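Visitor: Could you walk me through this one? I'd like to begin with the sheet and then move on to the helices.

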Amino acid sequence: MKRNFLPTGEQQAVIEAALRVGDLKVKAFAGAGKTSTLQLVAEHLSERRGLYLAFNRDIASSAARRFPPHVGARTMHSLAWASVSPSLRSRVNLQGEPPHELAARYGLGPLEVRTVTGRAVEIAPFEIGRMIADGLDRFCRSADIEPATQHIVVDEKIDEAVAAQLRIFLLPYVVRLWKEGVAARAMGAISPDVLLKLWALTEPRIEADFILFDEAQDSDGVMLSVLGRQRHAQIIYVGDPYQQIYEWRGAVNAMAQIDAPECALTESFRFGATFAALASRLLALLGEDTPIRGQDAIGSIMVEDAALVPPVDAILCRKNVTAIWQFAAGLEAGHRPAIRMSPAEILAYADGADRLLAGQRAFRPAAFSLFETWSDAQTFARSAFGQDLQPVVRIVDELGTGYLRALAQHATMEGAPDYVISTVHRAKGLEWKRVRVANDFRLRGADGSPMPDEDELRLLYVAVTRAQHVLDISGLRDELLRIFSLRR
């Protein structure tokens with residue numbers, strides 16, 4: 001279907017660059033109309049076979065309805081699924097080996113480590129097995145040929161020097177798990193990421209003349225390696241390098257790695273000049289010289305006074321535990337909030353707290369995995385390293401785990417909610433008319449420096465660019481002023 005609008009100057013520049021039949025990367029700021037721009041590009045390449053690559057099936061399905069017939073819409077995982085053997089596909093549906101059984105099969109017992117607070121704790125076999133399996137999946141999402149220590153993620157509560165030794169110790173087991181999975185007669189379960197890696201290692205050819213790779217900033221190494229081999233096709237990478245917030249799952253910033261001519265979409269159609277100015281100041285802290293331009297016709301109101309409590313459509317938080325706290329506060333105030341979190345995720349905190357209160361180890365949620373008693377969780381939450389855990393610890397201490405279970409029941413509430421509560425990670429790609437940003441961001445560096453780490457600034461940029469008309473940053477106002485003053 002043809003678009004019924006004229007392209008902006010920046011969109012026209014992207015179209016003209018794409019018509020030169022070479023690889024291209026498009027830096028598109030928040031709300032800058034990247035999908036519309038990709039549709040325009042597709043329409044101008046109507047004589048060629050195209051493929052739009054999305055990160056999940058929902059986006060791919062939506063794109064299939066919006067793009068012209070000569071452009072398919074898929075995920076890279078779906079390409080891999082369609083190309084591998086039925087026997088390999090069948091292994092994805094098998095029940096995976098429980099982490100504690102994996103550790104037992106490898107003869108791994110408990111390990112004693114030191115935490116960042118100097119306390120000796122024991123890592124249970126369940127946690128060890130989980131680290132090995134997670135290390136394999138992270139390797140599979142990389143461009144590397146063999147597993148390496150950087151693929152093994154260690155709980156942030158463990159001392160850094162000890163964590164480095166732990167990675168070296170666990171690496172041979174990650175290598176062993178990989179070799180078991182790819183053995184010629186292997187029959188055990190594999191994850192979708194293992195399937196994708198096995199497909200990528202065959203150096204597949206994607207049958208398309210041009211590929212539109214959306215959300216490129218969140219791609220991982222294995223995806224980039226597959227696209228890098230498509231010499232026969234024109235690749236148009238589109239993304240916002242400052243919305244790269246998935247380092248924790250192995251994402252790499254493709255926009256910085258791709259060697260191709262670059263165009264930019266800097267005009268946001270989501271909000272007005274006020275929000276654009278705030279977003280531009282955050283980007284300046286990340287080294288971006290080009291500001292975002294908002295729409296003069298869109299009214300955007302910034303709320304900076306904590307005494308004002310405007311109605312909102314969404315409350316965005318950095319951490320799951322803050323989202324749970326906000327959900328509880330909303331219910332106590334007589335509101336009807338919704339939370340973008342499953343009841344099972346909330347119940348995991350209740351179950352884990354109950355186990356710790358009974359003097360037993362808790363392996364879910366991961367935030368509790370290194371504690372041996374509830375007292376350990378309380379002590380850590382009071383430390384400088386554990387402030388992220390405070391909301392859920394406070395709920396358990398003041399109201400009990402039964403209260404958390406009641407919250408889980410409310411998470412399935414039917415009917416239209418008054419507003420939505422979400423983490424920023426789950427809000428990515430979404431927008432609301434009125435947004436409040438919670439004050440749980442780490443606005444000082446992990447090393448204690450006055451400037452936040454870059455990953456935190458990117459997360460905050462994503463949060464403040466979800467709003468269209470009202471943005472409540474009152475809880476962050478003083479810290480933002482402090483940070484902005486440091487750049488002068």
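Guide: This is a predicted model, and in it six strands make up an open sheet with parallel pairing, in the order S3-S2-S6-S7-S1-S8.

Visitor: Which strands stand at the edges?

Guide: The edges are taken by strand S3 (71–75) and strand S8 (262–265), and because each has a single partner strand, one side of each is left without a neighbour in the sheet. From one strand to the next, the twist averages 20°.

Visitor: And how many bridges join S6 to S7?

Guide: Four bridges join strand S6, residues 210–213, to strand S7, residues 234–239, and the two run parallel. Opposite Phe-213 stands Tyr-237, which belongs to S7.

Visitor: OK, helices now. What does H2 touch?

Guide: Helix H2, residues 34–44, packs on the sheet, where it touches S1, strand S2 (50–54), S3, S6, S7 and S8, and its direction makes about 175° with that of S6. Helix H1, residues 9–18, lies across strand S1 (24–28), S7 and S8, and it runs at about 155° to S8.

Visitor: Switching to H4: which of its residues are buried?

Guide: In helix H4, which spans residues 76–83, the buried residues are Met-76, Leu-79 and Ala-80. They cover an arc of only 95° around the axis, so they lie on the same side of H4.

Visitor: Why would residues three or four places apart point the same way?

Guide: Because an α-helix has 3.6 residues a turn.

Visitor: And what covers the buried residues of H4?

Guide: The cover includes strands S2 and S3, together with helix H9 (192–201) and helix H10 (221–228).

Definitions and conventions
Residues are numbered from 1 along each chain as its sequence is written. This is a predicted model: local features need pLDDT of at least 70, side-chain atom pairs count only at pLDDT 80 or more; totals for chains, interfaces and linings use all residues. Side-chain values use heavy atoms; hydrogens and water are left out. Two strands pair if DSSP finds at least two bridges between them. Axes are lines fitted to C-alpha atoms, for helices over the stretch in contact, and angles run from 0 to 180 degrees between N-to-C directions. Contact means heavy atoms within 4.5 Å. Buried means under 20% relative accessible area, exposed over 50%, partly exposed in between (1.4 Å probe, protein chains only). The arc is that of the directions from the helix axis to the C-beta atoms.
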